[in-house]
Amino acid sequence: MTDNQKNQPTNDIHPGDITRRDFAALLVGASLAATVQSAAAGGLEVAETDVEIKTPDGTCDAAFIRPKTGSHPGVLIWPDAFGLRPSMRAMAKRLAGEGDGYAVLVPNPFYRVSKAPFTDASTFNFQNADDMAKLKPLMGSVNAPGDAEKDAAAYVAFLDAQKEVNKAKKIGTQGYCMGGALVVRTAASLPERIGAGASFHGGGLVTDKPDSPHLLAPKIKARMYFGIASNDDERQPDAKDKLKQAFAAAKVSAEIEVYSAQHGWCVPDMPMRDGAPIYNKVEAERAWAKLVALYTIALA
């Protein structure tokens, strides 16, 4: 473990040159500050450490965030396609300070390709071919067959080796966008250790391929929650029904809800889409309440 804290890069705003992108970045900064303040208001002081985790395929850079005292249920956060960055760290800090506390690990899922590649997603342009091309090798590196399962085992082993993690409690895992499917794969590959899994605006949960995540339901013992974006539901309206059917047939507890929000709504530094913010504070707070309720029950 390396205990040195890394300096987080910031965006420079030039006076008199406030573009729409800069304005969005300012809004993101305010949202992140509010998220961190919310964690502090919870009453638990938290510590953040940059760590390195050995996996079968290399060394993963990650953030380990937990209350300064005591031992707590472990949680693995699978980031979205922009990976480990300040917004994900802020969410982990908030979670670490919730209730009686959680010991939270946020890995850089793209360590096979590079160190954490993004510091701010708000400047990304989904309509720009060059920007999109940057994501393909990153996402491909963790979504290759078997890679997520190997990584999940290493991350959970790391958590279980920390004194701040109460190993008598089950581990929770949550994921955003790309991370939603990785939550399902984690719960299926480590059924005896994972007690709760939550996917928010998860991508690729239901496909027509034999390795579709929803087909893993029979291997899962965790209590599951799926929050689906409204535009994802419009694009694939039968996905929620297939999820419900798969988990019901497997007799696995799973709650599935569609939110009045766009894909990516939970993450504060998501970019603008068609001139409007993707991040939706009201629906993000609703999702957060669902997450906390899930962990309170399943990781007790």
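Start by selecting helix 2 (residues 86-96) and helix 8: their axes come within 12 Å and cross at roughly 50°. Axes here are lines fitted to C-alpha atoms, for helices over the stretch in contact, and angles run from 0 to 180 degrees between N-to-C directions. Helices (H or I, at least four residues) and strands (E, at least two) are DSSP runs, numbered from the N terminus. That angle makes helix 2 oblique to helix 8; under 35 degrees counts as roughly parallel, over 145 as roughly antiparallel, 65 to 115 as roughly perpendicular and the rest as oblique.

A quick note before moving on: this is a predicted model, where local features need pLDDT of at least 70 and side-chain atom pairs count only at pLDDT 80 or more, while totals for chains, interfaces and linings use all residues. Residues are numbered from 1 along each chain as its sequence is written, and side-chain values use heavy atoms, with hydrogens and water left out.

Now show the side chains where these two helices meet: Met91, Arg94 and Leu95 in helix 2, and Glu285, Trp288 and Tyr295 in helix 8. Contact means heavy atoms within 4.5 Å. The residues of this contact divide into four nonpolar, no polar and two charged. Ala, Val, Leu, Ile, Met, Phe, Trp, Tyr, Cys and Pro count as nonpolar, Asp, Glu, Lys and Arg as charged, and the others, Gly among them, as polar.

Zoom in on Met224. Leaving aside neighbours within four places in sequence, Met224 has contacts including Val183, Val184, Phe247 and Glu255.

Next stop: helix 4 (residues 147-160) and helix 5 (residues 178-189), which pack at an angle of about 65° with their axes 9 Å apart. That makes helix 4 roughly perpendicular to helix 5. Pick out Ala148, Glu149 and Ala152 on helix 4, then Leu182, Arg185, Thr186 and Ser189 on helix 5, to see the contact.

Last, where is Trp78? Look in strand 3 (residues 74-78). At 0% relative accessibility, Trp78 counts as buried (under 20% relative accessible area, with exposed over 50% and partly exposed in between, using a 1.4 Å probe and protein chains only).
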